[in-house]
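Please examine the sequence and the three-dimensional structure shown below. The explanation that follows concerns the place where two chains meet.

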2 protein chains.
Amino acid sequence: MDLESLKVKLQDKVGKETIVLAAKCEVIYSGRAESFLAEGDRIIMIKQDKTLLIHQPKSSLPINYMKEETEYNFETNQGELIIKAHNKKYKEDLEINVKKAYFLKSLKLDDDQKLIIKGTERDMAEMIMKNPKIISDDFKPLSREEHTKYGFIDVFGYDSKGNLIVIETKRYVGDPKAVSQLRRYVERIKYAKGVGKVKGILACPRVTPNAKKMLNDFGFEFKKVNPPRYFENEKKKQKKLLDF
Amino acid sequence: MDLESLKVKLQDKVGKETIVLAAKCEVIYSGRAESFLAEGDRIIMIKQDKTLLIHQPKSSLPINYMKEETEYNFETNQGELIIKAHNKKYKEDLEINVKKAYFLKSLKLDDDQKLIIKGTERDMAEMIMKNPKIISDDFKPLSREEHTKYGFIDVFGYDSKGNLIVIETKRYVGDPKAVSQLRRYVERIKYAKGVGKVKGILACPRVTPNAKKMLNDFGFEFKKVNPPRYFENEKKKQKKLLDF
DNA sequence: GGGGAGAGATGCCGC
DNA sequence: GCGGCATTTCTCCCC
């Protein structure tokens, strides 16, 4: 493909359409860190918000990228197309040296849809609020304090003996980080309420050995809880996903 | 574009070439969580390792995706192309209902290059090992214990008074999580070495207010350290050389 | 815009 | 494979 007409098309379409370019190239990045990627075949995508993604033929993550609102400059020089990308906000620079272009496609995509997602940590906390017996027969939830000034505790409550209880939920594996987090919240509540004893519970499907040991060390509990499955229930009831 | 020939091409190329499909579609996912994405225009990519990415015209991350080694099934039904993706290992399912295809491109990409990256947390720890004066005049590093069973302390050492020192490095902002982590390592060392006092240092460019408060509460220190910049140094050297 | 924490996080390395 | 943790994490939500 002719690099000169490629340059013109890129200049014309950047920020207006979603651009997909397959090319042999090398990539240099400098910003939050610094990186170099030697010559190889990749898919380069420039989205309508001027996000840049460079994908190798394997794995999920882009090998290089730039965030939204990046500025672009295209030059041809000695049989190469040089794409210079600069992001003011994040103080990042990226340069692609295109040695060969295999194809270029460009199209205005029309899509304002948001992903509807269920089974998150928030959903777990809400499930516990609505059905506190999941934790124990005598658990009384008080609040699902999310991003309040006071703290970020998933579920907060007390039991029949009047013990304050802090619950940290994790949708997958409870690891040492999760226990540290729980510990921090328990200590915050102890300090804020001026109480000596506060119960800590880690509610998740399973915990790692180190997390289990830490829970033990700090006198916390593990409660096996799985994230809710709304769509699966819907399916079982023979309803359509679109009804959700 | 004719959906029937689209189906044939997808069947033919999947896993062999990197496929890029621009299409109006809806997406249903069920696996670690559950999600639904209503009709809109997207770029669908199937990589040579059978990774699937679905990109909207904005933002960095794919709106839906499947990991490597996903199995595919393509069907046409009532003017729609249905792409069924199943991953055995992760027990995940995804379905794309393609209403309209704008373009389809496919190409075998040849690329085994690895990203060379500098300025990581590991580089920071190595920099401190080589040049301990960054921390203090009397800091003596002992080890950069990385992924040992014993712990994952970034830099471990002692000072002229014989105090043991644990350093946690962060390449960007030190936040409450980082202080919790440091605390955990300090406590591990106290227990393992049977010592009452161990110094904790958080080495990073800056810390958040809450992190600062926590550092204070636990008697830890903040040491301002920036990640190393190899390439930039090279550039400066080159410039200097050119200047002469 | 910064702080704080989740994510269908992903990827890497060690065991 | 799992565990532990960094990431140019990204994204969201609140202040």
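Between chain A and chain B, an area of about 5,700 Å² is buried, and carbon and sulfur atoms give 57% of it. Buried area is the accessible area (1.4 Å probe) that two parts lose on being put together, summed over both. On the side of chain A, the residues that lose the most area to chain B are Glu34(A), Pro57(A) and Leu115(A), together 13% of what that side buries. The contact (heavy atoms within 4.5 Å) takes 64 residues from chain A and 63 residues from chain B.

This is a predicted model, in which local features need pLDDT of at least 70 and side-chain atom pairs count only at pLDDT 80 or more, while totals for chains, interfaces and linings use all residues. Residues are numbered from 1 along each chain as its sequence is written, chains are lettered from A and ligands numbered from 1 in the order in which they are written, and side-chain values use heavy atoms, with hydrogens and water left out.

Four salt bridges cross the interface of chain A and chain B; a salt bridge is a side-chain nitrogen of Lys or Arg within 4 Å of a carboxyl oxygen of Asp or Glu. One salt bridge joins the side chains of Arg183(A) and Glu187(B), at 2.9 Å from N to O.

Strands also pair across the two chains, a pairing that requires at least two DSSP bridges. Strands here are DSSP runs (E, at least two residues), numbered from the N terminus. Strand β2(A) runs antiparallel to β8 (residues 116-118) of chain B, and three bridges join them. Within β8(B), Ile116(B) is the bridge partner of Phe36(A).

Conventions
Helices (H or I, at least four residues) and strands (E, at least two) are DSSP runs, numbered from the N terminus.
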